[in-house]
Number of protein chains: 2
Amino acid sequence: MIPALTDHLGYWLRLVSNHVSHRFARLLDAKGVTVAEWVVLRELHDVPSLAPSRLAERMGMTRGAISKLADRLIAKSLVDRQDNPDDGRGHSLALTPAGRRLVPALARLADANDAACFKSLTPRERASIEAAMRKIVAARGLKNIPTT
Amino acid sequence: MIPALTDHLGYWLRLVSNHVSHRFARLLDAKGVTVAEWVVLRELHDVPSLAPSRLAERMGMTRGAISKLADRLIAKSLVDRQDNPDDGRGHSLALTPAGRRLVPALARLADANDAACFKSLTPRERASIEAAMRKIVAARGLKNIPTT
DNA sequence: TCAATATAGTTGACAAGGAAACTATAGCGA
DNA sequence: TCGCTATAGTTTCCTTGTCAACTATATTGA
């Protein structure tokens with residue numbers, strides 16, 4: 001007997017995770033930003049600047065993808081790219097003032113999306129799911145995984 | 001204060017879900033099949049045939065995507081497309097014998113992937129996560145959600 | 001009956017990421 | 001010191017999805 005798609009926990013995780021991400025993408029769209037762009041803005045918010053390679057590691061994306069993502073954010077004047085004076089190869093990425101100003105509103109959307117998507121779960125359930133996910137992340141040695 | 005990315009349950013779900021899907025994709029790659037193609041094969045396995053539109057609904061993809069996905073599966077001789085004799089607009093998709101023969105091996109990969117990814121959880125934990133995901137699916141009226 | 005509309009499927013333009021090749025610079029070691 | 005190798009970033013090509021326009025066929029109702 002062939003197992004059903006729904007027999008796999010991965011199926012349910014993917015179903016819900018994709019829903020949450022798509023819903024968030026629609027919210028962000030009103031601000032003219034994608035999910036990947038939000039993640040970059042959030043990562044850059046707490047640091048003075050970050051090298052594209054470091055960002056790629058943190059986000060689990062290739063350097064090529066980060067290069068293009070940075071291009072798009074620069075085109076939107078949300079991020080600034082500078083040469084690294086200490087290393088002729090390196091760049092550094094940082095928020096522009098406009099990028100920084102945008103972050104709080106995006107964070108509110110992230111909060112709202114999470115709350116709406118998981119409101120049918122009790123706080124206990126939410127906590128135990130987070131704990132389980134963290135356990136998997138630890139057990140499988142995940143750092144960060146591609147968005148796609 | 002701006003919430004961290006990790007403050008959202010959606011973040012953890014996405015991290016784990018993407019890892020599980022990517023790992024599965026790598027396993028399937030050895031059989032020359034993508035995750036989306038596996039889903040089509042599995043959907044077609046239990047029915048005599050299915051219209052592309054119905055498949056699009058079940059998989060949460062657009063008709064355009066299904067059209068191209070079917071093209072690829074037909075090129076691999078895993079799926080067959082026929083005109084619907086009752087409706088000049090409609091087609092029907094069905095597994096070829098080769099497609100049907102491939103399914104059990106792919107199903108074993110799906111089982112193995114799920115087992116490996118979630119082995120750090122107890123059966124109780126796995127069951128409660130599935131229940132929580134089903135609750136969200138019900139509460140939010142999800143049918144099926146885009147893969148991407 | 002037949003025009004208006006709805007549905008099935010395909011196609012083309014575009015988006016966004018991965019892989020690998022490529023350029024430039026750093027840094028190590030004989 | 002100089003050549004080898006490693007690292008930083010960019011770019012090109014490929015994949016796979018969406019969206020919207022398009023063709024063809026069905027269906028509906030005045």
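Asp87(A) counts as partly exposed, at 27% relative accessibility (buried means under 20% relative accessible area, exposed over 50%, partly exposed in between; 1.4 Å probe, protein chains only). Its partner in a salt bridge is Arg89(A), at 2.9 Å, N to O (a side-chain nitrogen of Lys or Arg within 4 Å of a carboxyl oxygen of Asp or Glu). Arg89(A) is exposed, with a relative accessible area of 73%.

The model is predicted: local features need pLDDT of at least 70, side-chain atom pairs count only at pLDDT 80 or more, and totals for chains, interfaces and linings use all residues. Residues are numbered from 1 along each chain as its sequence is written, chains are lettered from A and ligands numbered from 1 in the order in which they are written, and side-chain values use heavy atoms, with hydrogens and water left out.

Over all chains, the count comes to 18 salt bridges. One of them joins Arg72(A) to Glu37(A), with the closest N and O atoms 3.7 Å apart. This pair links distant parts of the chain. Arg72(A) lies in helix 4 (residues 63–75) of chain A and Glu37(A) in helix 2 (residues 35–45), 35 residues apart (helices are DSSP runs of H or I, at least four residues, and strands are runs of E, at least two, numbered from the N terminus). Arg72(A) is partly exposed at 42% relative accessibility. Glu37(A) is buried at 2%. A network of salt bridges links Glu37(A), Arg72(A) and Lys76(A).

In chain B, the side chains of Lys76(B) and Glu37(B) meet in a salt bridge at 2.6 Å, N to O. Here too the pair links distant parts of the chain, 39 residues apart. Lys76(B) sits in the loop between helix 4 (63–75) and strand 1 (79–83) of chain B, and Glu37(B) in helix 2. Lys76(B) counts as partly exposed at 35% relative accessibility, whereas Glu37(B) is buried, with a relative accessible area of 1%.

The interface was examined next. In chain B, 58 residues are in contact with 58 residues of chain A (heavy atoms within 4.5 Å). The two chains bury about 5600 Å² between them, 67% of it on carbon and sulfur atoms (accessible area, 1.4 Å probe, that two parts lose on being put together, summed over both). Two salt bridges occur between chain B and chain A. One of these joins Lys135(B) to Glu125(A) at 2.9 Å, N to O. On the side of chain B that touches chain A, the elements giving two or more residues are helix 1 (9–29), helix 2 (35–45), helix 5 (97–117) and helix 6 (123–139) of chain B. Helix 1 gives the largest share, 15 residues.

Tyr11(A) and Trp12(A) form an edge-to-face pair, 5.2 Å centre to centre with 90° between the planes. Both Tyr11(A) and Trp12(A) are buried. The rings of Phe24(B) and Trp38(B) have centres 6.4 Å apart and planes at 85°, so this pair is edge-to-face. Phe24(B) in helix 1 and Trp38(B) in helix 2 of chain B are 14 residues apart. Phe24(B) is buried at 10% relative accessibility, and Trp38(B) is buried at 3%.

Definitions and conventions
Rings of Phe, Tyr and Trp (its six-membered ring) pair if their centres lie within 6.5 Å; planes under 30 degrees apart count as stacked, over 60 as edge-to-face and the rest as tilted.
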